[in-house]
Amino acid sequence: LAALGSPALALCFTQQPQTTAAGTNTAMKETLLIKTSAMEWAASPSPHVERKRLYLAGPKEAGAVSSVVRYLPGASFHEHPHPQGEEIFVLEGTFSDHTGDYRAGTYLLNPEGFKHAPRSEEGCVIFVRLRQHPGPRSHAAVDYRSVPSRPLGEGVALKALPSDGGDDDATSVLLLAPGGPLPPPPPPAGRAR
């Protein structure tokens, strides 16, 4: 996840942009900048919840997916499971479920098999990754703004988030200075995101 400053949100993946029968942006070969502020909101299966799909591998509502999701005030989803886990970055507002209320700046890791009925009383915008974090893990909720950053070069810093999935399964926040260049793709070893 790359933060390029407000109000525009841009996300950086190690992917080659493409849409094929296999999905959207699934090649995973080079850095891709997606300007989500230029994308239109699309309907989701729940009324008053909209999304901008950035990555999809597999069936439309049952594959591995990464999306920016907007909950309008008072919006909710029915209770549902998360096979292969879920990661959430709360970008704006407050996201809630039975485990708590999470304000902007929170990173959530929901382990494989986790169930919840998410909602937002005030409305929120989240970045969510579904079915991309399989295996036994612990639920985690971290204020990623408080995680120390490590400089990677001029205008680029990395915040490594806690993970109990081992060295080859790490989630990080990449901080980029406005107007600066995108960093090169990470090395092929591991699954940096």
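Which residues touch the most other members in the largest nonpolar core? Of its 16 residues, the answer is Y71, I88, F95 and I126. A nonpolar core here is a set of buried Ala, Val, Leu, Ile, Met, Phe, Trp, Tyr and Cys residues joined through side-chain atoms within 4.5 Å.

Before going on, a word on the source: this is a predicted model, where local features need pLDDT of at least 70, side-chain atom pairs count only at pLDDT 80 or more, and totals for chains, interfaces and linings use all residues. Residues are numbered from 1 along each chain as its sequence is written, and side-chain values use heavy atoms, with hydrogens and water left out.

**Overall build**

The protein chain has 0 helices and 20 strands (DSSP runs numbered from the N terminus: H or I of at least four residues for helices, E of at least two for strands). Of its 193 residues, 45% are buried; buried means under 20% relative accessible area, exposed over 50%, and partly exposed in between, with a 1.4 Å probe and protein chains only. Take the contacts (heavy atoms within 4.5 Å) between residues at least 6 apart in sequence: 55% of them join residues at least 24 apart.

I126 touches S67, V68, V69, Y71, I88, F89, V90, L91 and F95, leaving aside residues up to four places away in sequence. Another core, of 14 residues, lies apart from the largest one, and I34, Y144, V147 and L161 are among its members.

**Salt bridges**

Side chains of opposite charge can pair when their charged atoms come close. The structure holds 4 salt bridges, each defined as a side-chain nitrogen of Lys or Arg within 4 Å of a carboxyl oxygen of Asp or Glu. Three of them are among the following:

| Pair | N to O distance |
|---|---|
| E50 and R70 | 2.4 Å |
| R129 and E87 | 2.4 Å |
| D143 and R145 | 3.1 Å |

E50 and R70 meet in a salt bridge that links distant parts of the chain, with E50 in strand β7 (residues 49-57) and R70 in strand β8 (residues 64-71), 20 residues apart. E50 is partly exposed at 22% relative accessible area, and R70 is partly exposed at 26%.

The R129 and E87 salt bridge also links distant parts: R129 sits in strand β16 (residues 124-130) and E87 in strand β11 (residues 86-97), 42 residues apart. Both R129 and E87 are buried. As for the D143 and R145 pair, D143 is partly exposed at 33%, whereas R145 is exposed at 53%.
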